[in-house]
Every structure is written in C-alpha cells, then in structure tokens.
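Colleague: I would like a close look at one part of this model. Please keep it plain, and take me through it step by step.

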Amino acid sequence: MLGEESVSETEADEYLQCYLELLDSLVPELAVWEQNNILDVVSGRTAPRLNLSIKLSSLYSQITPRDFDGSVEAISARLRPLLLKAREKGVFITVDMEHYDFKDVILGVFKTILMEEAFCDWADIGIALQAYLKDTEQDLTQLAEWAKERGTPVTVRLVRGAYWDQECIVAGREEWPVPVWRHKSQTDANYERCLNLLISNHPYLEAAVATHNVRSMAVAMVLAEQHGIEPGQFEFQVLYGMGQDLADAVAAMGYRMRVYTPFGELLPGMAYLVRRLLENSSSQSFSRMMDAEQQMGDELLAAPDIRSEADEKEPVAGFCSEPIYRFVDPKEREGFAKAIEQVRSELGRAYPLIIGGQERETSQVITSLNPARPDEVVGRVASAGEAEAEAAQNAAEGAFQSWSTLPVSERAGYLRKAAEVLRQQRDYFAAVEIFEAAKPWAEADGDITEAIDFLEYYAQEAERLSYPGHLNLPGELNTTLYRPSGVGVIIPPWNFPLAILVGMLSAAIVTGNTVILKPSSQTTVVAALFVQLLHKLGLPPGVVNLLPGPGRAVGEYLVRHPRVHFIAFTGSQDVGMRIAQLASRLVPGQQHVKHVVAEMGGKNAIIIDQDADPDDAVRGVVASAFGFSGQKCSACSRVILVGEENKSFVGRLIAATRSLHIGNPEKPGTFMGPVIEAAAHDRICQMIAQGKKDAKLMLEMDCTHLGNGYYIGPTIFIDVPPDSSLAIEEIFGPVLVVMSAPDFEQALVLANATRYALTGGVYSRSPAHLEMAKQGFQVGNLYLNRKITGARVGYQPFGGFKLSGMGTKAGGPDYLLQFLEPRTVTENTLRKGYAPES
C-alpha cells in the first residue's frame with residue numbers, strides 16, 4: 001500500500017517507478033506460491049496470491065473533482081504502464097478508495113481504463129468501496145451494470161472506510177452535506193446491504209470482504225450460500241496483526257483469506273497502521289466490543305440498529321457561512337461551465353455610471369481586459385470626472401435623510417435580498433471574475449460566497465446594534481445608541497472584486513449611510529453588475545452611486561471633499577497612506593473629522609518548526625503562497641525554517657510547487673492563472689531579477705508557452721538576506737522566499753522584522769512553541785497548523801496592524817462601528833417626592 005499521502009509530480013514519478021520495480025522484484029520471490037493458487041471452480045481461472053493495493057493520488061498529485069475529465073485522463077496515463085506490468089507479471093491490482101472528493105474520479109478512471117483493449121478482458125483487478133459513504137450502494141449498483149456490459153468480472157473490496165472523522169469535520173466546517181453515515185450502526189447496515197448487492201451480482205462482481213466484524217463475515221457466508229457461491233469464489237481480508245485468530249478460524253472453514261499490510265515508506269506505513277489501530281481500539285469497534293466482558297454473544301451478533309437520518313444534521317448556532325462548491329456534483333461543474341459560456345457571449349458590453357439611480361454615459365471609458373488574453377475586452381465602463389463626482393456626492397447627500405431614518409430591519413432586508421439574488425447568480429458572477437480578474441474556478445466561487453457571507457453577517461450585526469444599550473443609575477436613565485456617519489466613499493481592490501467591495505459597501509449602507517463606490521479600474525465590470533443588481537432590487541436612488549474613474553482625479557477629489565464623512569479603502573500601502581494624509585486635512589466647509597478605514601497589505605511569514613508535519617506544511621505553504629498567483633494581502637511570501645534538520649523541506653516544497661497547473665483560469669483544472677495586468681507583471685519580474693542578484697534562485701517555472709497572457713510561474717528563493725527587498729517588500733505575486741533560523745525564538749524575531757502585521761502561520765507539534773507564537777507573533781490573524789489565507793466571515797475577523805492597516809477587523813463584531821457615531825443620552829428621572837425605578 002504505497003502512496004498513503006498526496007504527493008508532488010516528482011514524487012508521483014518516483015512512486016510509479018517504485019511500483020514497477022516492486023512488481024519486478026517481488027513476483028519471482030513469490031513464484032513458489034503458484035502451486036497454492038486457488039482455482040475458481042466456475043471460471044476456471046486462478047486467483048493470484050499477490051494483490052497490490054494502490055492509491056491513485058500517489059500517481060497523480062492534482063486530482064480535483066472540478067476537473068473530472070482532466071483528472072481521469074491524467075491518472076489513466078500514469079496507471080496504464082503499471083497495469084500492463086502487473087498483467088504481465090500475474091499480479092492482482094486493487095485500486096484503493098480515498099477521500100470522498102476523489103471518489104467519482106477514481107471510479108471514472110477504473111471504468112474508463114478497463115474498457116480499453118489492453119484491459120477489457122483482464123479479470124485480476126478490483127476496486128475498494130467504502131460502506132460508510134451514503135453513495136456506496138448506488139455506486140455499487142452502477143458498477144454492477146458496467147461490469148455486465150464489460151463482460152469480464154472485477155473484484156470489489158468492500159471496506160467500512162478510513163476517514164470518518166475527517167469527512168465529518170470537513171463537511172461540517174464547510175456546511176456541506178455529510179457524505180458518511182453518522183452512526184456506526186448505519187454503516188454496519190449499509191455494509192450488509194452492499195454485501196447483498198455484491199454477492200447477488202456474482203460472477204460479474206467478485207467479493208473481497210474486508211472486515212474484522214464477525215457478524216459481517218457470517219452475513220457474507222450466508223449470502224454466498226444462498227446464491228450458490230462456493231467458498232473459493234470469494235475471499236475475506238484482514239489487516240496483518242489485527243485479526244490473526246479470526247483469519248485462522250475462517251481459513252480453517254475452507255474460505256479464502258487474504259492478509260494485507262502497508263508496504264513502502266516507513267512513515268506513511270506507520271500512519272496507516274496507527275489509523276487502523278485507532279479504529280480497532282475505539283469503543284465502537286467490533287474487535288474492542290468482542291473483548292469486553294459485558295458484551296454477550298447475541299448482542300454482538302445482533303442486526304444493526306437502524307437509525308433515522310432525519311435529525312442527522314447537527315444544528316449550527318449563530319452565523320452560518322455560505323457553502324463553497326465542492327465540485328463533486330456534476331451539476332456544479334456543468335453550471336459553472338455554462339456560466340462561463342454565457343459570460344463569454346456577453347464580453348465587450350458597455351456599462352454606464354449610476355448616479356442617483358440614473359445611468360450616465362461619459363466621453364471617457366475604462367476598458368477592462370482579460371489578463372489571460374489581453375486582446376479580449378471584458379467590458380467598457382464609463383469613466384467619471386470631477387463633475388460626475390460632485391453629482392454623485394450631491395445624490396448621496398440627497399438620499400441620506402430618508403435612508404438613515406429607515407428602520408434597520410428594512411435596511412438589513414435589502415442586504416438579505418441581495419444575498420439571495422447572488423445565490424441564484426453565483427455561477428454568473430464567478431464567471432465574470434474568471435474573465436476580468438483571472439480567478440480560477442475555486443477562487444472565483446469562494447469570492448462570491450464570501451460576498452454573500454458579508455451581506456448576511458452585516459445584516460445580522462446591524463440589527464444587533466440597533467438595540468439601545470442601558471446602564472442606569474438611581475434617578476438616571478442612560479442610553480447609548482448609534483447613528484449613521486453620513487456620506488462615504490468606498491474604494492475596493494481588484495483581487496477580491498466582489499467580496500471586499502460588498503463587505504465595505506454593505507457595512508456602510510446597512511448602518512444608514514449613503515455611499516459613492518469607486519471600484520478598481522481593473523475590475524469595473526463586476527462592480528457595475530453588482531450595483532445594477534442592487535437597483536433592480538429596488539434600493540432607493542442615491543444610496544449607492546457607481547463612479548468608476550481615475551484614482552488621482554476622481555478618488556482624490558472625493559477624499560478631499562468637505563462633505564465626505566468617511567473613506568473605506570483596501571489596496572496598497574502607498575495609496576492608503578495618501579488617503580489618510582489627504583483625509584486628515586481640514587478644508588473649507590468641513591465640519592467633522594473624516595474617518596479612514598484602510599487595509600494595506602502584508603509581508604506574511606509561515607514558520608516551519610523542526611517537528612512540523614512536512615506534508616501538512618508543504619500543502620499549507622503552497623496554497624498560501626501560490627493560490628491566485630500570490631495576489632492576496634494575506635498570502636505567504638516568507639517561509640522561515642527552524643533548525644538545520646528542516647533543509648529537506650525545500651526539496652519537498654519545490655517538488656510540490658512544480659506539480660501546480662498553470663494556465664487559463666477558464667479551464668477547471670487550473671490552479672494558477674496570470675497576474676492582473678501588464679504593470680503588475682513587469683513589476684514582479686523586476687523583483688525577481690533583483691532577487692537573483694541578492695539570493696539563490698531555486699525554482700522559476702517557465703510560462704512562455706501559455707501565450708500572451710500576464711503569466712508568471714511560481715518562483716522560490718533561498719539564502720535570502722533579511723534586509724533585502726525580497727525579504728521586506730510586499731511583492732503581490734507568486735514569489736516565495738525561504739529563510740532559516742537556529743531556533744523557534746529567533747524564527748519569531750525574523751517573522752516580526754517587518755513593518756507589516758497582517759497574517760502569519762506556524763506549523764509545529766510543540767504546545768510550548770504554539771503558545772509562544774500566540775503571545776509573540778505580531779500579526780492580526782495567526783493561523784496554527786493550517787494555511788494562512790481564507791479567513792471566514794464571522795468566524796475569523798480579518799485585519800492587521802502596524803502598516804497593514806487602520807480600523808478594526810472586517811467580518812467581525814466591531815466592523816460596523818466604524819460607520820456609526822455613538823451617542824449617549826442621560827435623563828434625570830428624579831422628581832421631588834417621587835423617584836421611579838431605574
């Protein structure tokens with residue numbers, strides 16, 4: 001059982017070679033077993049004694065359900081030589097089942113490759129199916145129909161499943177339907193139903209009953225007898241060292257018994273055995289119950305107690321996130337693909353300004369281009385000047401009085417309506433982002449769901465804040481309440497073109513303010529579409545005014561305006577500090593201090609401790625550094641290795657990074673697309689060129705074959721001086737530097753040696769070091785033993801300090817307060833001769 005963990009492309013090549021060498025080396029040594037092969041009395045063929053179980057993720061590292069066809073094709077190409085060698089050597093192959101996300105891809109590979117001419121008549125192959133999955137009964141039924149069409153039998157290794165905790169936790173965290181049965185009795189019952197299906201479809205499906213459960217074995221024996229299947233025509237399987245007495249007893253009854261064990265690298269094999277040991281020592285395992293004195297034989301062998309699924313979904317208290325797509329459902333993949341085609345048919349449309357609810361055309365336009373194909377126009381958006389900016393300011397002021405006095409519940413209602421429409425149009429908006437921001441499928445979908453989360457969360461928070469606070473004294477009533485600030489300017493970035501835009505805008509308007517939205521010039525189409533959505537919902541004119549235009553002209557005009565009360569900005573440090581400087585100046589006609597909310601980036605580090613899990617750490621670093629081409633303020637741009645023993649981490653990191661799929665984000669299998677524009681491309685390339693002078697380049701993936709898009713491959717440097725531009729400047733691209741520290745304390749010092757304080761991460765098994773990081777890592781969002789991107793609204797309020805920003809955390813309970821003015825009213829209730837109760 002090689003390949004327990006997902007691996008890089010380089011490691012996958014090594015695993016494939018290892019499998020092939022294993023077949024060559026072991027088969028001659030096992031030739032003595034040939035005389036003992038068990039004859040299938042029906043088919044007349046022998047059952048090979050060597051059964052090699054393989055994990056397809058060890059042959060192909062980038063299995064992804066959203067790219068079903070691409071994954072099936074790539075895995076089949078790697079699997080083909082292995083199957084040819086196994087058939088030549090007379091070795092049985094079992095394709096192992098893995099996590100739920102991989103299930104359909106693995107079944108697709110199995111069914112596709114076994115219909116090829118080289119394998120369509122080969123019977124010495126099988127697949128594992130997991131009875132704890134709710135889909136398995138249906139999968140087994142479809143597999144039986146396919147096997148009948150194929151005409152040559154295949155074996156099904158029926159197991160209960162090995163990832164129950166993980167499947168439950170991941171599904172619960174992401175608000176996905178839980179794919180596994182919640183209770184052991186349900187899994188046991190499903191195992192028996194699947195046994196019945198499996199044995200009743202003999203000889204097209206041959207049964208390998210993998211279990212330590214005596215009742216399950218007895219059920220298989222009875223079913224086989226009922227269907228006239230001889231003991232030698234199916235087999236039982238147990239794990240080496242965990243059921244030898246049972247194996248001996250079943251073999252003594254004349255049944256075929258196979259003992260299986262991990263084979264290959266030490267650590268993955270140990271991990272596999274530990275997981276099996278934990279399963280078999282759990283309080284619900286059959287082996288454990290069989291050893292318990294209080295368990296009687298009749299009770300142990302009783303039929304599973306069937307429980308209802310009605311109350312299976314555990315209620316979640318408080319705010320619930322909008323589930324991202326898992327892309328295991330073909331409908332999700334098909335809907336996304338159709339949306340991409342729809343948006344492609346609409347490219348090049350014109351979008352006007354929206355001021356006071358009225359559309360306005362201008363002589364100047366902003367042309368939005370596809371970063372993957374710069375000659376492709378996504379849309380042409382009207383560009384405002386100072387005259388339009390003044391008109392937008394007047395419209396927002398005109399709408400303020402009526403909007404600010406509208407009950408909070410009604411304002412929150414508009415946000416909830418917008419969230420519902422976004423749910424209905426999420427594929428469409430995601431597809432627009434794929435073209436305009438070059439976001440790959442998963443990144444685009446995540447941006448839309450985060451926008452929905454902001455709408456729902458801030459609606460909820462606004463209603464919470466609408467209730468006056470009271471802390472009274474004898475003879476006095478004290479009331480604290482909030483009122484809107486006034487007219488504000490919203491300046492969102494291009495990298496989260498809907499989520500951050502919606503977050504800042506919705507927070508401002510649900511608290512009773514009116515706003516002027518000046519979107520990023522790179523993603524004006526997404527912004528225009530969302531404002532159109534709001535107005536179609538009936539949002540009163542002037543509450544949100546769409547004003548794309550040049551930052552130096554329109555943006556600065558609005559920031560300086562005497563009747564603007566606040567500015568909410570996300571972007572670069574230079575622009576953010578410029579806004580803060582301009583807003584601080586008192587101009588004629590201004591009667592208030594302008595409030596600035598600004599999130600301005602980071603130079604984020606992940607510390608890899610000496611005892612860190614290397615597989616987890618590599619996956620977390622790759623996702624954090626190269627997701628969306630590193631164009632996130634939260635992205636990892638520095639890795640700090642603790643101790644000399646960690647040097648091998650760099651090799652694993654490079655191998656994993658090489659396996660990333662870089663290409664057009666329209667394709668479902670793409671992990672990294674281009675950067676946003678030519679200027680960003682040139683700036684990042686200049687940083688890389690300078691880095692080659694200051695440090696040692698370890699990886700620079702070539703992207704010239706991808707055409708004229710703004711592609712830059714993942715780039716990794718080592719031996720980086722702490723004072724170099726690579727180590728201290730935000731690059732905002734797919735560039736990662738690896739640094740070293742002699743101990744954990746020095747790693748923290750190095751991590752904090754930057755003017756930013758946004759996100760950071762630590763991979764460590766040491767409770768002392770994790771606690772040290774909690775106390776001493778100077779970042780707004782600290783992530784322990786997970787990636788450092790992907791903060792969840794409501795659960796992980798996001799924002800930093802130092803020069804990473806000013807203002808409180810987005811998606812948190814304090815965020816709306818930045819758009820409100822607190823007021824306290826104290827009333828003396830004491831009257832001569834009468835003092836009412838406080």
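Are Glu 174 and Arg 792 buried or exposed? Please start with that pair, then go on to what else stands out.

Modeller: Keep in mind that this is a predicted model. Glu 174 is buried, and Arg 792 is buried too. Their side chains meet in a salt bridge, with 3.7 Å from N to O. This pair links distant parts of the chain, as 618 residues separate the two partners. Glu 174 sits in helix H5. Arg 792 sits in the loop between strand E29 (781–784) and strand E30 (801–802). Side chains of opposite charge can pair when their charged atoms come close.

Now take another pair. Arg 160 forms a salt bridge with Asp 188, and their closest N and O atoms are 2.9 Å apart. This pair also links distant parts of the chain, 28 residues apart. Arg 160 is in the loop between strand E6 (154–159) and helix H5 (164–174). Asp 188 belongs to helix H6 (residues 184–200). Both Arg 160 and Asp 188 are buried.

Next, a pair with another kind of setting. Glu 700 and Lys 692 form a salt bridge, with 3.0 Å between the closest N and O atoms. Glu 700 has a relative accessible area of 40%, so it is partly exposed. Lys 692 has 43% relative accessibility, so it counts as partly exposed. Salt bridges can also share partners: Glu 322, Arg 416, Glu 420, Arg 423, Glu 456 and Glu 463 are joined into one network that way. The count for the structure comes to 40 salt bridges.

What about disulfides? A search of the whole structure finds 0 of them. A disulfide is a covalent bond between the sulfur atoms of two cysteines. Two cysteines can still be placed by their cover. Cys 120 has a relative accessible area of 30%, so it is partly exposed. Cys 168 is at 11% relative accessibility, so it counts as buried.

Now turn to Ser 520. It lies in the loop between strand E18 (514–517) and helix H18 (524–536). Ser 520 has a relative accessible area of 9%, so it is buried. Its side chain makes a polar contact of 2.5 Å with the side chain of Gln 522. Setting aside neighbours within four places in sequence, Ser 520 is in contact with Pro 492, Pro 493 and Trp 494.

H18 is mostly covered, with 10 of its 13 residues buried. Among them are Thr 524, Val 525, Phe 530 and Leu 534. Just after H18, Gly 538 takes a positive phi of about 95°.

Finally, look at Glu 821. It lies in strand E32 (residues 820–828). Its relative accessible area is 36%, so Glu 821 is partly exposed. Glu 821 and Ser 485 are 336 residues apart in sequence, yet 5.7 Å apart in space, C-alpha to C-alpha. Not counting residues up to four places away in sequence, Glu 821 touches Leu 481, Tyr 482, Arg 483, Pro 484 and Ser 485.

Back to your opening pair, then. Glu 174 and Arg 792 are both buried, and a salt bridge joins their side chains.

Methods. Residues are numbered from 1 along each chain as its sequence is written. This is a predicted model: local features need pLDDT of at least 70, side-chain atom pairs count only at pLDDT 80 or more; totals for chains, interfaces and linings use all residues. Side-chain values use heavy atoms; hydrogens and water are left out. A disulfide is a pair of cysteine sulfur atoms within 2.5 Å. Buried means under 20% relative accessible area, exposed over 50%, partly exposed in between (1.4 Å probe, protein chains only). Helices (H or I, at least four residues) and strands (E, at least two) are DSSP runs, numbered from the N terminus. A polar contact is a pair of N or O atoms within 3.5 Å; within protein, one must be able to donate a hydrogen and the other to accept it, and residues adjacent in sequence count only if both atoms are side-chain atoms. Contact means heavy atoms within 4.5 Å. A salt bridge is a side-chain nitrogen of Lys or Arg within 4 Å of a carboxyl oxygen of Asp or Glu.
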